[in-house]
Amino acid sequence: MEHLRVILSMAARNLGRNRGRTLSTLIAITVGLLGLTLLDGFITYSMNGFRDAIIKSGTGHIQVARSASYFDAGDTNPIPFMLDNGKAIDAQLSSIPGVADVMPTMAFSAVLSDAGTTGFVQVSAWPMAQARADLSLRTVLAGRELAPQESGEILVGSGLARKLKLAPGRTLSLFALSKGGGVNTESFTIVGISSSGIAEVDDISVTMSLSDAQSLVGVQTEPCLIVFLKDTGVTAAVARQIATAPKGSAASGLAVRTWEQLSPSFQAANSLYQLILTVARFIVLIVALFSISGTLSVSMIERYREIGTLRAFGTRKRQLLVMLLVEGLILGVAGATAGFLAGGGASGLIDALGGLPMPAEPGMSTAGITVSFTPRLSSFLGNGIWLLAASLVAAFFPGMLSLRRTAAELLKSR
Amino acid sequence: MTELIRIKDAEKYYQLEKTEMPALTGINLVIGSGERVCLMGPSGSGKSTLLNVIGCVDTLSAGSIVIAGLDAATLKDAQLSEFRNRTMGFVFQSFNLISVLSVFENVEYPLLLQRLPRHERAARVEEVLDRVGLKDFQRRGPERLSGGQRQRVAIARALVTRPRLVIADEPTAALDHETGRAIMELMVEMNRSAGSTLIFATHDPAVARYAARLVIMSDGRIVDDREAA
Amino acid sequence: MTNVMIAWRSILRHARRTIVTVSALFVGLAGMVVFQGFLGQMMQGFRDGTILSGVGHLQVAANPQYFVDGEFNPFAYGFKDSAAVARTLGKQPGVTAAFPSTGFVAVAGLGDQSATLLVKAYPADRIYFAPSSGTIIPPSDRFNLGTLVDGSTVKPGERDCLVIGETAARILGAKVGNVVTLMGILPGGNLQGRDFTISGIFSSPGRDKSFAYTDYATASDFIGMKEPPVLMVIAREVRAVPAIAASLPRSISFRTWKDLATLYVQVSTILGSFLTVIRAIILLVTLFILGNSMNRTVLERMREWGTLRTLGTKKQNILLVILWEGCLQGLLGAAAGISLGFGVSAIIDAAGGLAYHNGAQTYAVMVRPGLDSVWLNLVPAVLTAGLAAVLPGLRAVRLTPSQCLREA
């Protein structure tokens, strides 16, 4: 035990022999981790923002419908998917712990027609009083929000408004498929221009009240209920609970989809960003590994005679290897600590200064955003563990190489 | 006099690219307990190689070496390490002190490997440092010592485990004449009082005078083995 | 030349130290080359897929306003003589095909089922659907609009035929051979109806719910528009686009694929930024490691510098030697790393590429780093290595010759 203590002490002191070299290795690791932390923080913030935009501008955390086919085609033609007992389902879902609100919704394809234009649009309809509270990331850029008790009003998406030069006050017609197989048309007045933050949505979106939509399509109920949760983290658990609702209950047998399952573009973006993070992490770890390995290799070569002396006096190879591994580990721990402090500090500083202006995420409809950095604790810990593993590997190979020499060879070294 | 070391038909070759370079050829040597032996010869005569083999820090290419009744070739690396720690002490030409350890810690180190209790280690270290005249230098690092002082620390380290055998390879080569003389006198005196066997290598006849027996080497062979005058 | 030779030999003298010093750069840049190649291939696939799925390399219109609201109001923007423009375009060396396009929104009815469709129309010989099985080598002279799951595509000369999406077919309960009635909704609310035969059913993620395709002649006749609002241009390769655009007369408006493929451009920009960040991390690390190593080297050779100065060498020559040593180490590490990157990429490609899952499907992506992988990595690495040598170099020349000799 005492010998082990001295070995550990020697490991620490050996690193202090050449402070410049040790410091430059630590700085190298710190820079790597700083970059990784900021990258992770940026990606986490961006994806959280994207996620929140998806959830709070129309998708909700979970959607439930009568059958899985609704999620294939129900947002173009919802008529075959109307729920018979929406209110009972609403009540049952609202009683699940973690659920903040349940909102009926309907979406369908329609044709917008004006004097000189026709075009394909996607209509989303909600009870407006509820939508105001639940869909907090929908913004009205011009005009006003839909009045809860009024009918015949619509909001158009910002991209659509820009293309067709639409402004509040304009009246146009919407054609939609109605129950019975026909086409219904009604006139609506634009009261506002809205944005969800997602470009492909804002290019074709029209929003109206649920009652107006039901009137246009010729139905009395709705095909889908959106569930909003108090915490996004419980989405999977609540979805599972709904999917396994007791037989005979109102919610039994419903098709359930989470916001992630409903957003292929989020999944694609997330996959790509996670790939980038993984590659960046790999490169930083490899660079750290070679930095530590290089430092220890040179340090060991300088100490061959000392190592030979220790061997001559009876120190076992295993014990010397432990000393060398501990040196690597100390470098790794010190580097990781400095890296996390630097990364956390830089993130905090950027946030304190109000964030960093950056171009908008691909697929977003805003011109630019101010980004904060939200590094995750799990990411810190993950990176730390990988770095410590890399430190051990980095120390292992130079250690093994030097211990392969006989004590005599080591003693003969200059 | 009991036999401590028996070397029989020992040969040692080094591989240099495709050629085998002989370092030791046909070495036969017996050394008894308590002897004071000097290996003498010019540079490249095989003195250091023979010392390394006796010190079990290198292995023979052919032949055998038995030390304190144990055939070194039959021991595994861990066993050899323990054997060296308990049986031998080393003094090197360049002192080979561990630069990150203090004087006290350098001398204490071999005792740590034996897992002696702290108080016993401290007592032995202080005793041996006192004998070499460096008791007041315990906390100093090696970089703050003169050449002679460093070699004293090395001698203390070699003797702190009370070894049966002390091996010194050119112990005065890095020192001035006066200091070298003092070091040799110290080594001889401590060797006498401890009763251990001392084998040292040198090319300097003035240093060789401190031996009781001279083994002259040339081109890897023993060419003469006689009592010192 | 002498400075470079001295620097080169110094590096070789301490080969082990050089290898250890540049190992981080070597490994980091090898990883960068492979990753850059992978991303490049992915983006190229994304780009080419976007272009050939209906965007085209260029879109040419008689009126620039078409690119604002033409999708909703094609009737306002018809060409005067689109055939002449198409012929002129077709003669350009880089152009594979130039052809008209139009579209309309319609409600499709079959029995008591209905669906809203966005119908796109191109000449039949410019429409392609990949077979659902077998090796696919998509043609590069027509639009690749999806995978044919049943029936056939629109054939040249065939009229009033429609290829609809799988999901739309399911909504309608339609099969190949069924006749659906399309009610086209034209500007001003006018309706136009006609029966169409379903010749094929396609699948394409995101499109098979609402899109349908027919031949251009049928569509222009259906909506009563003789001249198309836009001509699509397919080029031999993306590099030919600027030359094609430059050859267009001023009276013609155009947009290139880059103007139209906004998502691609956004993704490409952000990926480029990420690659720059990762590269910066590698170079910063190299700066510190190499800087420390050079510092040590300089200190160890103080006697050498002192001797050279004593013999008459000027300070700037010594500084140059040290800078060259830095640059050469950077060059060695970067060149070796880039070569390794190319080698690893070749091995990966020989093994069939890397599997990538984009959230919906998994597919193989080749890794083919381009020449930009060389200069984008090599030049910054050499410059960074040179920068790392500056401070050590200044340290070497700060002292007088006798100070250098004493310092040793």
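In this predicted model, chain A is divided into two domains: domain 1 comprises 2-53 + 266-412, and domain 2 comprises 61-258. Their C-alpha centres lie 49 Å apart. Contact between them involves six residues of domain 1 of chain A and ten residues of domain 2 of chain A. On the domain 1 side, the touching residues are two nonpolar, three polar and one charged.

Chain A also meets chain C: 51 residues of chain A are in contact with 56 residues of chain C. Several elements of chain A give two or more residues to this side, among them α2 (19-59), β2 (99-113), β3 (118-126) and α10 (264-302). The most is given by α10(A), with 18 residues. The table sets out the side of chain A that touches chain C by residue class.

| Class, side of chain A that touches chain C | Residues |
|---|---|
| Nonpolar | 27 residues |
| Polar | 21 residues |

Chain B contains seven helices and ten strands. Its radius of gyration is 17 Å, close to the 17 Å that the globule rule gives for 229 residues, so chain B is as compact as a globular protein of that length. Along the principal axes, the C-alpha atoms of chain B fill a box of roughly 50 × 40 × 40 Å. Of its 229 residues, 47% count as buried. Among contacts in chain B between residues at least 6 apart in sequence, 71% join residues at least 24 apart.

How values were computed: Residues are numbered from 1 along each chain as its sequence is written. Chains are lettered from A and ligands numbered from 1 in the order in which they are written. This is a predicted model: local features need pLDDT of at least 70, side-chain atom pairs count only at pLDDT 80 or more; totals for chains, interfaces and linings use all residues. Domain bounds come from an automatic or database domain assignment. Two residues are in contact if their C-beta atoms, placed from the backbone, lie within 7 Å. Ala, Val, Leu, Ile, Met, Phe, Trp, Tyr, Cys and Pro count as nonpolar, Asp, Glu, Lys and Arg as charged, and the others, Gly among them, as polar. Helices (H or I, at least four residues) and strands (E, at least two) are DSSP runs, numbered from the N terminus. The radius of gyration is taken over C-alpha atoms; the globule rule is 2.2 Å times the number of residues to the power 0.38. A residue is buried if 20 or more other C-beta atoms lie within 10 Å of its own, exposed if 12 or fewer, and partly exposed in between; C-beta atoms are placed from the backbone.
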